[in-house]
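Here is a short note for a colleague opening this model for the first time. Please read the points with the structure in view.

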Amino acid sequence: MSNMDQQNILQQLEQIQQEASAALASASTTEETRAWHSEYLGSKGRLTGILRSLGSLSPQERPLVGKRANEIKLALESALESRQATLELTELETARSKERVDVTLPGRPQTVGKIHPTTRVLREIYAIFGSMGFQIYDSPEVETDEYNFQFLNMPPGHPARDMWDTFYTTDPELLLRTHTSPGQVHAMRQYAPETIRVILPGKCFRYEPVSARSESMFYQVEGLAVGKNITFSDLKGVMTSFAEQLYGPGHAMRFRKSYFPFTEPSVEVDIACVLCNGKGCPICKYTGWLEILGAGMVHPHVLQAGGYDPAEYSGFAFGMGPERIAMLKYGIDDIRYFFSNDVRFLERIG
Ligand code: DAH
């Protein structure tokens, strides 16, 4: 190869450097610098092409051209680096200023969750009975016929079973409990012969037409106290204190005789209508009273089923529906709202 070739290549190198430097200076984005890199320094780039062709030079010519080519390569690489750094910084700045928070814009409303009214009432009930020394006792939702009926003084064929129509399973022995009362027997069997003061909250199920007043699933809170010398006055005292804590001191209440197979005597507890305060309105059906719970002295057969000798022990029990209490408290006119899972219901309760 002649001297001419060497001169020629050196010239080309200078030209590439000039062009490349100018092109780099005018690159205005990091993306453009990447295109620039592949045009000059990439594997198919112009400078790389020259470096590859060095092999065709004679051994005497090669060092000079090779040295220059490498110098240019290094110079271009470092120019690229600094240009990219500058552009990256500007791009970051632009992105930042675009994303800057405009504090004058109105805020986005946050949707805050709410406690379900059943849960709210349950918590109030727990607090009230907790203050009177009642503990919470968990009992199963799936029950046997024995627990749901027989231990509660309703042998097979007992007419009172009609008051609690349930969902049966394919196993004839197993059913969904219709009330929390079977939990009384579980608690008694666990603690006998100790004294007991428990409440038993939980879900119940009834095979009944669903309407504004009755759902196929709902909650109940059962209460049970067993010991020696427990009398009807104790029941009355506890119920009065409960109603006063829930509805305010002096809120009128009354006990009405009633019937439940598992209590004797049995009562229903009414409070003065929360809406009209006893004057009479559509909510209380113009009676002035609202029924809030059933109660009574635990029937001797039930005490026996629980492992207590009725000659020595006595007890009282009660059962209430927190949804009913919530309906009266928050003016909810349809029980179906509770479990239809529409958040607007919770929003409305406030
Ligand atoms: N289990 C009854 C029901 O579901 C409610 C009830 C009434 C529970 C009287 C009791 C009670 O413990 O003494 O209708």
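1. Start with helix α2 (residues 30-40) and helix α4 (residues 62-99). Their axes come within 9 Å and cross at roughly 160°. Axes here are lines fitted to C-alpha atoms, for helices over the stretch in contact, with angles from 0 to 180 degrees between N-to-C directions. α2 and α4 are therefore roughly antiparallel, a label for angles over 145 degrees. Helices are DSSP runs of H or I with at least four residues, strands are E runs of at least two, and both are numbered from the N terminus.

2. The model is predicted: local features need pLDDT of at least 70, side-chain atom pairs count only at pLDDT 80 or more, and totals for chains, interfaces and linings use all residues. Residues are numbered from 1 along each chain as its sequence is written, and side-chain values use heavy atoms, leaving out hydrogens and water.

3. Now take helix α5 (residues 117-131) and helix α10 (residues 322-330). They pack at about 105°, with axes 9 Å apart. α5 and α10 are therefore roughly perpendicular, the term for 65 to 115 degrees. Among the α5 residues that meet α10 are Pro-117, Val-121 and Ile-125. α10 brings Pro-322, Ile-325 and Tyr-330, among others. By class, this contact has 8 nonpolar, 1 polar and 4 charged residues.

4. A side-chain N or O atom of His-179 is 3.0 Å from a ligand nitrogen. A polar side-chain atom of Trp-164 lies 3.2 Å from a ligand oxygen. Ala-317 places a backbone N or O atom 3.2 Å from an oxygen atom of the ligand.

5. Check the backbone too. A cis peptide bond joins Ala-192 and Pro-193, with omega about 5°. Pro-193 sits in the loop between α7 (182-191) and β4 (196-205). Another cis peptide bond joins Glu-264 and Pro-265, with omega about -5°. Pro-265 is in strand β7 (residues 263-272).

6. Finally, Asn-277 is not a glycine, yet has a positive phi of about 55°. Asn-277 lies in the loop between β7 and β8 (289-298).

Note on methods. Parallel < 35°, antiparallel > 145°, perpendicular 65-115°, else oblique. Polar contact = N/O pair within 3.5 Å; in protein donor to acceptor, adjacent residues only side chain to side chain. Contact = heavy atoms within 4.5 Å. Nonpolar A, V, L, I, M, F, W, Y, C, P; charged D, E, K, R; others polar.
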